[in-house]
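Visitor: I've never read a protein structure before. Could you walk me through one, feature by feature?

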Amino acid sequence: MEMFIIPLGTCSCPYEDIAPGVRDGTMVELPVPAYLVKLDDGKNLLVDTGMSRLHITDPGATWRGTGMNEALVPEMAPEDDLETRLTELDVRPTDIDYVINTHLHFDHAGNNELFERATFFVQREHYEFATGHPSFPNRYWNLPKLKYELLDGEMELFPGVEVILTPGHAPAHESVMVRLPESGNMVVCGDAVYTQDNLDHESWGGQADPAAAAESAAKLTRIAETENAILLFGHDPAQARRFHQSPQSYR
Ligand SMILES: [Zn+2]
């Protein structure tokens, strides 16, 4: 098994939206990743699909005029197109067999529509919450041509790949354990934890349900300790600099 951390641009926002009480009043440029996992049977799995490539030419593509999230500034270079990043790895959209969405926000499901051949895995409770909800722009993922398999709770989806329930950022948000043979256990946290600062400062006020988010973070921290796992945070600039980005990989 092999995993690539794929950089798909950045989204700037006021830091108090992410980690209130840490550096209020500053803007921070948050990395937006997706993850490609090459499974042992040769199948290709994506975890999340990043922000829509529409933002390359139009940063306001998602939120302009909506009255929502207008403090967010997406920034994507042409090479931050997920299709372009996959091509660098000799993978075409039709080569993607599965996609796990940690959740269906615009920066995690923005390119779902590229993967018509894939089976998408999302928690049923999350999918139902997000359907028709303006905070989860449905045009990126709620499409008849896409095939969803809705999950009810935690499970091993593939050998070495497990979904872990981590609500708080959104109902039935899920994180993904990936057990790599050489690099060891890595958990794609999604937005259960945005950055190390959330853990260091116990700052959960930026989450939809802060109490549930604190509990989910404690659960992930426990897993990290007992399973000797590395936590890959949703949008941590320092961590993104420290970890190899695609086309380098973890095996
Ligand atoms: Zn996010």
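Guide: Let's begin with a pair of strands. Strands of a sheet pair through backbone hydrogen bonds, either parallel or antiparallel. Here, strand β2 (residues 27–38) pairs with β3 in the antiparallel sense over four bridges. Strands are DSSP runs of E with at least two residues, helices are runs of H or I with at least four, and both are numbered from the N terminus. Two strands count as paired if DSSP finds at least two bridges between them. One more thing: this is a predicted model, where local features need pLDDT of at least 70, side-chain atom pairs count only at pLDDT 80 or more, and totals for chains, interfaces and linings use all residues. Residues are numbered from 1 along each chain as its sequence is written.

Visitor: Which residue of β3 stands opposite lysine 38? And how many residues lie between β2 and β3 in the hairpin?

Guide: Lysine 38 faces asparagine 44. Five residues separate the two strands of the hairpin, and glycine 42 in the turn has a positive phi of about 90 degrees.

Visitor: Which way do the residues of β3 point?

Guide: In a regular strand the side chains alternate between the two faces of the sheet. In β3 (residues 44–47), Asn44 and Leu46 point one way, Leu45 and Val47 point the other way, and all are buried. Buried means that 20 or more other C-beta atoms lie within 10 Å of a residue's own, exposed means 12 or fewer, and partly exposed is in between, with C-beta atoms placed from the backbone.

Visitor: In which sense do β3 and β5 pair?

Guide: β3 and strand β5 (residues 98–100) are parallel, over three bridges. There, valine 47 stands opposite isoleucine 100.

Visitor: What is the order of the strands in the open sheet?

Guide: Seven strands line up as β4-β1-β2-β3-β5-β6-β7, with mixed pairing. β4 (73–75) and β7 (147–151) are at the edges with a single partner strand each, so one side of each has no neighbour in the sheet. As for β1 (residues 2–14), eleven bridges join this strand to β2, and the two run antiparallel. Methionine 3 has valine 37 in β2 as its bridge partner.

Visitor: How many residues does the largest nonpolar core have?

Guide: In soluble globular proteins, nonpolar side chains tend to be buried together. A nonpolar core is a set of buried Ala, Val, Leu, Ile, Met, Phe, Trp, Tyr and Cys residues joined through C-beta atoms within 7 Å. The largest one here has 63 residues, and Tyr35, Val37, Val47 and Cys189 have the most contacts inside it. β2 gives the most to this core, with seven residues.

Visitor: Now a helix. Which residues of α4 are buried?

Guide: An α-helix has 3.6 residues a turn, so residues three or four places apart point the same way. In α4, the buried residues are Ala213, Ser216, Ala217 and Leu220. They cover an arc of only 100 degrees around the axis (taken from the directions from the helix axis to the C-beta atoms), which puts them on the same side of α4. The face turned away from that buried side carries the exposed residues Ala211, Ala218, Arg222, Glu225 and Thr226.

Visitor: And what comes after α4?

Guide: Asparagine 228 follows α4, and its phi is positive, near 50 degrees.
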